[in-house]
Amino acid sequence: MIPRLETHEPIETKASSFLQALAVSGFSGEIASDDATRAVLSTDNSIYQIMPQAVVFPRDHDDVVRLTRVAHEHPEVTLYPRGGGTGTNAQSLGHGVIVDTSRHMNAILEINIEERWARVQCGAVKDHLNAQIREHGLFFAPDLSTSNRATIGGMINTDASGQGSVQYGKTRDHVLGLRAVLLSGETLETSVLSDAALDALPENSTEGRIGRKLRDLFDTNREAIDAGFPKLNRCLTGYDLKHVRTEDGQIDLNSVLCGSEGTLAFITEAKINLELLPTEVSLVAVQYGSFMDALLDAQELMTHGATSIETVDSKVLNLAMNDFVWDSVSAYFPSGSQTLQGINLVEFTDFDAEALASKVERFSQHLHAVAASGGRSFAHTIARGRSQVNQIWAMRKRAVGLLGGVKSAKKPVAFVEDTCVPPENLAAFIGEFREVLDAHSLDYGMFGHVDAGVLHVRPALDLKDPDSLPMIRTITDQVVELTKKYHGLLWGEHGKGVRSEYAPLFFGELYPAICSVKALFDPENRLNPGKIAGPTPDTALLRIDEVPLRGTRDRRIASELVQQASTALVCNGNGACHNYDPDDRMCPSWKATRDRRHSPKGRAGLMREWVTRLSDAGVTTLPTPSIGAELAGYPMKMYRTLRMKSGRYDFSHEVYEAMSGCLACKSCTGQCPIKVSVPTFRSQFLSAYYSRYARPVKDWIVGTLEYVLPFAAQVPALYNAVVRSSLGASVFKYLGLVDSPTLSGIDPHRAIADAGFRVASLTELEEMSQSDPGRFARQVVVVQDAFTSYFETQVVLDLFHVLHRLGFEPSLMPFSANGKPLHVHGFLSWFKLLATKNAARLNRLAELQVPLVGVDPSMTLTYRSEYQEAGIETPDVLLMQDFLATRLLPGAVPTVLPVKKYRLFAHCTEATNAKESLQPWQTIFALAGHQLSIESVGCCGMAGTFGHERDNLALSKTIYTQSWAPKVDAQDTDRGEILATGYSCRSQVKRFSDQAIKHPISALREVLGDA
Ligand SMILES: Cc1cc2nc3c(=O)[nH]c(=O)nc-3n(C[C@H](O)[C@H](O)[C@H](O)COP(=O)(O)OP(=O)(O)OC[C@H]3O[C@@H](n4cnc5c(N)ncnc54)[C@H](O)[C@@H]3O)c2cc1C
Ligand code: SF4
Ligand code: SF4
């Protein structure tokens, strides 16, 4: 049994009194001082971890004003603004109070199409804005790899940029005005003003006071600024004195706030410029035999009028090649006689199709000539149009994430990841950079924006190794020297954060002027202190090796627990699971709650914290009690559970709360670039948690459902009457379950027999394999699952008819529980017993080499996923479409019906863990003469029995409303009839939209007709 983790992470008195005062100040957002929320927000994408005192979530500008006014009265409290938390250098981490603006302050307030600007709250996500303005031919131009989760407030504060920066500049180039709150509680509205307008501002106005001081600072230090600030496309983050005066001599009050990393003020709203979205786009993928050739060629490529040039080395490329993402782009990288070791991706855009075509054609001819003369590049391919080009950019973005997923204790980590030098120096600089890394025998992958001279390099280190910290210091110092030598910057893209210790060295004599900016806004050094600059030159800044490393904490975890916490420990915090898009499957519980504890990153962080605390308490292994052991200790478990309900603290309860909101949809398992799989460690957690506490009755009902259904199916009328009756529903609700589905009314084995098919018999199949090989070749065994078989028996029948129609002789494998519900609810030892038994049955059939085909995708995929994780080898049980698509021959099934359109809404687990299995449905429908498109859709909110659990009902409904409901309720039959592969998805549609949608196999049966 696990022990009670009774100790709270302490909160300093000064922070508690601040929080108490805030609670009665009229502050309308949430105030969270629980250990779980603090632990989740103690990390970003950096190598560091700092536990804050609390986290607050303001609702609007006025809340931020209230917050700062209260803070004014509590001078010892420090505040740390936070957006999406995707910083790579601990920018938003700190020991004080985190102010998370992303949860509530994320609205797009106003869009002016004519004048091409938008007004947004600081927590709005860039891709969300762009999705809204795309139809007007506009976009917010600064690009960054984290565009689906980074906030515009965060972008402004790091002065973010990325691909296309040579054409479109950085975020600061698109900021028209800001609304900010100073720590004094004053609101500051910034814009670009003439000298006269600035002079005309009242003496005591915040804008006048700050604006005039900034102007003086600029005018007095003009020469030093000119000499000290690098002449780079990427200019500089924090504090950008160089742009206080615009080229036409006006005063730009936005300039120093852009890139200030939350050290000067809270930005609450921004008015930003929108660009015209080029209508025409092409991308040329230029191939090289060495990465240095790709770098050396970049300068020349830039003379051909491209919008952007990105480079990727062979390491990153190889990762992409081994990922599903390669399927969508492999045509652009055909294998030839030469080995591909580097690429430059050269994008051309225009508003005129002909102009673009001739630009690309000229470039292509040039490249042909280069290749023919044995020049640097040896081949190229061209992607044309937005959709093709986006596929290549998506591969580039994903490949970068994949770097973090390498299977080794040494993981690529960010600390010198965004150096920038003048592009003409890039190749020489990188040559020396590589020598530094090679000298320390470090592995690394490289990619970046060669047009802007920015290269991303993440050396691989095992942060649990005590030697890694000195290595970080050594490498950083050497790279700083190199960037100085080549007239560049250490922080070319991601901001300074803890690397601010190099700012005095970088600015030299100008550093006191930089400190004056901090003193002007935050004289007491309470906003994100230790970063960018202090109010005086002698104020201490954070040092890269003095901030606690995540890896240092991980050293405390017992080795067995490291294994049992599985992928939780490899999460690097890149935040890909925090994407805003409701039509993306990752992660429904985060999207519906906007609580980061309820995201893969949050859950991974909590699992990591939990095993650390367990290790501190002397636990060396997590218990996985047998059913006997679970039941034997029940009275004591009940007692502990009652004490928990009366408020007895245990950190495990905080972890439990986060885990219980997980739908086990497995989108993280399939989509996380690092392969963090919450359902895997969640069931390990639940198994251990229930070694101490009593399981709710509904877990027993759901866990045993697969065993009960075959018996219930013998008396379907009785079962259904109970479920339908108000008394039955009330009892189920009391026990924790709602809207229980009713049985089809016929036992699947009987239904199959009635339809003229048979139940599979091993002996019969064995005999047939010897006596009648011809007939045996037509055999297919259908592996049933409890949900489809008993609640939607017709789908199983439809599969039989389709198989028969196509010339197969299907038979039904006698029913046996699959075990997925047991796994989901953490009955791990029971699951293992059942899975072992099942595997033996399946293996006996597979030895005959008869194909095994599953019905429900999620249940079928359990054999390749949860079974394998438990170390139980099973044969391949095919998804039905994978089987059909390879057996269906063109022209084999002429259809007599007019061509029909369908839209496939795939189950989350299938769409994210067997992505390659969606397209076969298109093949099948096309062969049958019909059209099927694959819909981008989020989670339906049901996920097995999750949506039937009383406590999850509201969450399940919210998730359904976000992506499925608008599409289903639109009844857009012109776009095609909706088909859904998941049993749970179909029952969710029935429940909330009162529509019966078909499984694709049922639609196929209609199309084909029976034989
Ligand atoms: C995989 C990966 C790829 C990346 N690629 C790029 C890239 O291509 N280009 C790029 O520029 N960056 C990149 N980054 C870095 C990061 O995404 C950017 O710095 C981004 O702008 C941060 O936005 P955020 O909302 O996550 O801000 P956070 O990380 O939460 O905060 C960043 C800084 O802004 C401050 N801040 C946030 N909101 C406010 C506010 N309302 N008021 C005052 N201060 C505030 C914080 O205090 C902090 O100092 C990448 C990061 C990762 C993990
Ligand atoms: S769970 Fe995966 S996607 Fe989410 S932050 Fe961690 S590594 Fe990134
Ligand atoms: S399984 Fe689904 S709900 Fe759970 S963390 Fe992963 S993506 Fe989120």
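Okay, let's start with overall size: for 1011 residues, a compact globule would have a radius of gyration near 30 Å, and this protein chain has 30 Å, so the two agree. That radius is taken over C-alpha atoms, and the globule rule is 2.2 Å times the number of residues to the power 0.38. Keep in mind that this is a predicted model, where local features need pLDDT of at least 70, side-chain atom pairs count only at pLDDT 80 or more, and totals for chains, interfaces and linings use all residues. Housekeeping: residues are numbered from 1 along each chain as its sequence is written, chains are lettered from A and ligands numbered from 1 in the order in which they are written, and side-chain values use heavy atoms, with hydrogens and water left out.

Along the principal axes, the C-alpha atoms fill a box of roughly 95 × 75 × 55 Å. Of the 1011 residues, 61% count as buried, meaning under 20% relative accessible area with a 1.4 Å probe, protein chains only. Looking at contacts (heavy atoms within 4.5 Å), take those with a separation of 6 or more: residues 24 or more positions apart account for 76% of them.

Now the inside. The largest nonpolar core has 112 residues, and Leu129, Leu241 and Phe521 touch the most other members. A core here is a set of buried Ala, Val, Leu, Ile, Met, Phe, Trp, Tyr and Cys residues joined through side-chain atoms within 4.5 Å.

On to secondary structure. The chain has 45 helices and 30 strands; these are DSSP runs numbered from the N terminus, helices being H or I with at least four residues and strands E with at least two. One piece I like is an open sheet of 3 strands, order 29-28-30, with parallel pairing; pairing takes at least two DSSP bridges between strands. Strand 29 (931-934) and strand 30 (977-980) are the edges, each pairing on one side only. Strand 28, residues 901-905, pairs with strand 30 over 4 bridges, and tyrosine 902 stands opposite glutamate 977 in strand 30. Helix 41 (residues 919-927) lies across strands 28, 29 and 30.

Definitions and conventions
Axes fitted to C-alpha atoms, helices over the stretch in contact; angles between N-to-C directions. Buried < 20%, exposed > 50% of the residue type's maximum accessible area, 1.4 Å probe, protein only.
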